Amino acid sequence: MPGLDATARRAAELRAEIERHNQAYYVLDAPTIPDAEYDKLFRELQVLEAQYPALLVPDSPTQRVGAAPLKAFPPRRHGVPMLSLNNAFEPAEVEAFDQRVRDGLETIAAVDYAVEPKFDGLAISLTYENGLFTCGATRGDGASGEEVTPNLRTLRCLPLRLLGSGWPALIEIRGEVLIFKQAFVELNARQRQRADKEFANPRNAAAGSLRQLDSRITAGRPLAFFAYGVGAGAEALPIKTHAELIDLLASWGFPVAEERRVVQGAKGLLGYFAEIGEKRPSLPYDIDGVVYKVNKLAAQAQLGFVSRAPRFAIAHKFPAEEALTEVLGIDVQVGRTGAITPVARLKPVFVGGVTVTNATLHNEDEVRRKDVRIGDTVIVRRAGDVIPEVDAIVTEKRPMKPGKDLFDNEPVEPPFAMPTACPECGSAIAKGVDEAIARCTGGLYCPAQRKQAILHFAARRAMDIEGLGDKLVDQMVDAGLLHSPADLYGLTFETLAGLARMGEKSAQNLLAAIEKSKQTTLARFIFALGIRNVGEATARDLARHFGQLDALLAADAEALQQVADVGPIVAASLAAFLGEAHNREIIARLQSAGVVWTEEAPADNGPQVFAGKTLVLTGTLLTLKRDDAKTLIEAAGGKVSGSVSKKTDYVVAGEEAGSKLEKAQELGVPVIDEVELLKLLEQGVDA
Ligand code: 5U1
């Protein structure tokens with residue numbers, strides 16, 4: 001009988017050996033032992049751990065088989081937000097991206113780009129503390145996602161402990177979870193055999209598998225992973241380029257794309273796009289484009305971000321997939337803010353990996369321009385997860401009245417006519433001046449708008465009321481229980497429990513979720529109101545700028561435009577919303593129902609010395625980083641622009657200022673240096 005020390009040593013040996021085989025099989029695609037041998041080692045470890053539970057460690061390969069089911073996924077805030085990428089479809093857009101990069105870096109030389117496939121999966125973030133996998137989460141809204149650690153632990157291609165050494169104490173690894181094409185075919189065959197529902201495409205299968213509350217189900221799904229970046233902990237890495245980063249991630253045991261490369265300039269980018277486009281059918285996984293990133297990390301930092309996307313990277317997407325089908329009808333849908341969208345009801349057709357039964361026709365002008373009519377054969381396009389759209393009609397196939405043809409023109413169906421009254425509430429449909437979009441004028445009186453406004457209010461990124469789904473909202477609005485989001489806070493147990501298909505437990509849970517939502521943040525509250533053109537980022541900017549709701553409610557259009565990124569359109573939407581007495585009444589009712597937030601300290605705007613002024617930063621400043629200079633200027637009411645024009649009020653020039661300085665001198669725009677900038681900011685001189 002071996003002693004405990006010897007048993008512990010054997011367990012450690014087994015763990016190391018099994019993980020080595022996992023790496024070889026799942027990451028390097030080079031199996032080192034037969035399956036039966038692997039199973040034997042695995043079982044031996046399982047037996048040891050069962051006999052001596054003290055030997056069980058979180059990074060044991062036996063922990064990859066799944067654990068007891070969860071009740072829900074806890075939210076997880078990312079240490080560094082997970083960004084999204086701007087898209088390019090045309091070569092000209094890629095050239096424009098390269099030009100913007102060179103302008104931003106003030107260089108005319110060809111820029112080095114790290115290029116890689118754009119995996120068609122789900123972005124996730126993995127946290128490793130002292131080399132040990134401790135947490136994994138979905139992207140969510142970029143700031144926080146859902147924690148799916150037990151599920152991610154089941155992926156044998158993910159190291160539970162990082163290989164090598166030299167990793168920071170805490171690091172977030174970013175990448176994509178996906179299912180390979182062949183594994184997808186096999187998975188669907190298994191689903192078919194068991195009479196379970198088949199998945200529409202590998203992406204849906206990956207998403208469905210990762211969001212299982214029972215990780216034992218996830219463990220049986222063939223999920224793969226590719227790493228492509230890092231979040232928190234990036235600053236501690238001894239590297240200078242993105243290419244070095246990917247090599248480092250590979251050395252820690254992460255799968256990375258073999259097809260990655262470094263290319264020069266726009267020509268190199270377009271060459272890579274063509275090359276991967278040709279390879280696409282033979283790649284073992286689905287991709288929906290390629291990603292280009294400025295290779296030098298210092299240059300990435302210099303370029304920075306716009307809203308939630310980096311300026312230093314872009315996704316170049318493959319063209320949409322297309323299919324032919326027939327228009328069975330044209331309906332109109334009413335959106336949350338009343339927008340009326342004509343939608344073609346289609347004979348079901350398989351395109352871009354899913355069966356499409358509806359396609360957007362965008363707006364009345366588009367339907368007219370394309371002249372889509374019932375009975376037409378149309379080309380339907382679908383790109384990635386974008387809503388399918390009707391691209392064009394096949395004119396020769398249009399049904400004509402008997403004896404008529406395309407030359408002696410008399411189609412069976414008349415042209416589409418936009419209804420004049422909302423199909424949901426009967427209110428007039430009207431178009432704003434210069435607007436292509438027709439809107440139902442019913443506001444919250446319209447049940448379609450009301451339902452969507454309530455759903456938006458309750459959404460995870462807004463007030464986060466769990467359990468309030470669309471069926472329930474439909475039911476409550478139709479029953480006359482909800483006229484506005486404020487009515488949610490008046491719901492009682494008796495009312496909810498009296499609804500069809502609502503159990504007592506669900507009613508209690510919903511009431512608890514509604515109660516919990518009362519503690520929120522000002523940014524979430526503003527976003528939840530569903531004001532046109534006010535998305536999450538703008539809501540955050542408004543909350544930060546005004547600090548208190550009363551200050552926002554009192555702001556006029558001019559004051560609103562002092563907020564970073566709020567222009568005349570957003571300001572007009574806000575003013576229109578706040579100008580409606582019933583919207584203010586809903587806000588007041590929400591507050592008296594107990595909705596509260598910790599007031600944000602209003603941005604200490606100091607004297608607004610740069611109010612209404614536009615500044616351009618160029619060259620390397622003496623002490624300030626560019627982002628910090630931008631923050632200071634914006635806090636003082638100014639805007640920072642990337643290019644010099646006659647409208648520029650100041651150019652702040654540092655060392656090695658290039659073409660922007662020349663342009664300023666040419667146009668007679670005042671040029672100041674960092675010392676003068678700081679003096680203006682400090683003294684609050686009326687700049
Ligand atoms: N391959 C790849 N996909 N992807 C997605 N790289 C990559 N990088 C991303 C995203 C959102 O973001 C970084 C540029 C921050």
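Two strands are said to pair if DSSP finds at least two bridges between them, and the strands themselves (E, at least two residues), like the helices (H or I, at least four residues), are DSSP runs numbered from the N terminus. The model is predicted, so that local features need pLDDT of at least 70 and side-chain atom pairs count only at pLDDT 80 or more, while totals for chains, interfaces and linings use all residues. Residues are numbered from 1 along each chain as its sequence is written, and side-chain values use heavy atoms, with hydrogens and water left out.

With those terms in hand, consider strand β14 (residues 321–334) and strand β15 (residues 340–351), which pair in the antiparallel sense over seven bridges; within this pairing, Ile330 stands opposite Ala344 in β15. The two strands form a hairpin with five residues between them, and Gly338 in the turn has a positive phi of about 90°. On β15 there is also a pairing with strand β16 (residues 354–360), again antiparallel, through six bridges, and here Val343 faces Thr360 in β16. β15 and β16 likewise form a hairpin, with two residues between them, and Gly352 in its turn has a positive phi of about 60°.

Elsewhere, five strands form an open sheet with mixed pairing, in the order β2-β13-β10-β3-β9. Its edge strands, each pairing on one side only, are β2 (87–88) and β9 (261–264). Inside the sheet, β3 and β10 pair in the antiparallel sense over seven bridges; Pro117 has Val290 of β10 as its bridge partner, and Ala114 has Lys293 of β10. Eight of the eight residues of β10 are buried, where buried means under 20% relative accessible area, exposed over 50%, and partly exposed in between (1.4 Å probe, protein chains only).

Which residues surround the ligand? They are Leu83, Leu85, Glu116, Pro117, Tyr228, Val291, Lys293 and Ala313, a residue being counted if one of its heavy atoms lies within 4 Å of the molecule. Polar contacts, meaning pairs of N or O atoms within 3.5 Å, can then be followed one by one. A polar side-chain atom of Glu116 lies 2.8 Å from a nitrogen atom of the ligand, a polar backbone atom of Pro117 is 3.1 Å from a ligand nitrogen atom, and a polar side-chain atom of Lys293 lies 2.9 Å from a nitrogen atom of the ligand. Taken alone, the ligand exposes 380 Å², of which the protein buries 84%, the areas coming from the Shrake-Rupley method with a 1.4 Å probe. The elements that give two or more residues to this shell are β3 (112–119) and β10 (287–294).

Turning to helix α6 (residues 202–210), the buried residues there are Pro202, Ala205, Ala206, Ser209 and Leu210. They lie on the same side of α6 because they cover an arc of only 125° around the axis, the arc being that of the directions from the helix axis to the C-beta atoms. In general, an α-helix has 3.6 residues a turn, so residues three or four places apart point the same way.

Finally, Gln608 sits in the loop between β22 (596–597) and β23 (614–618). Gln608 is partly exposed, with a relative accessible area of 29%.

Conventions: Polar contact = N/O pair within 3.5 Å; in protein donor to acceptor, adjacent residues only side chain to side chain.
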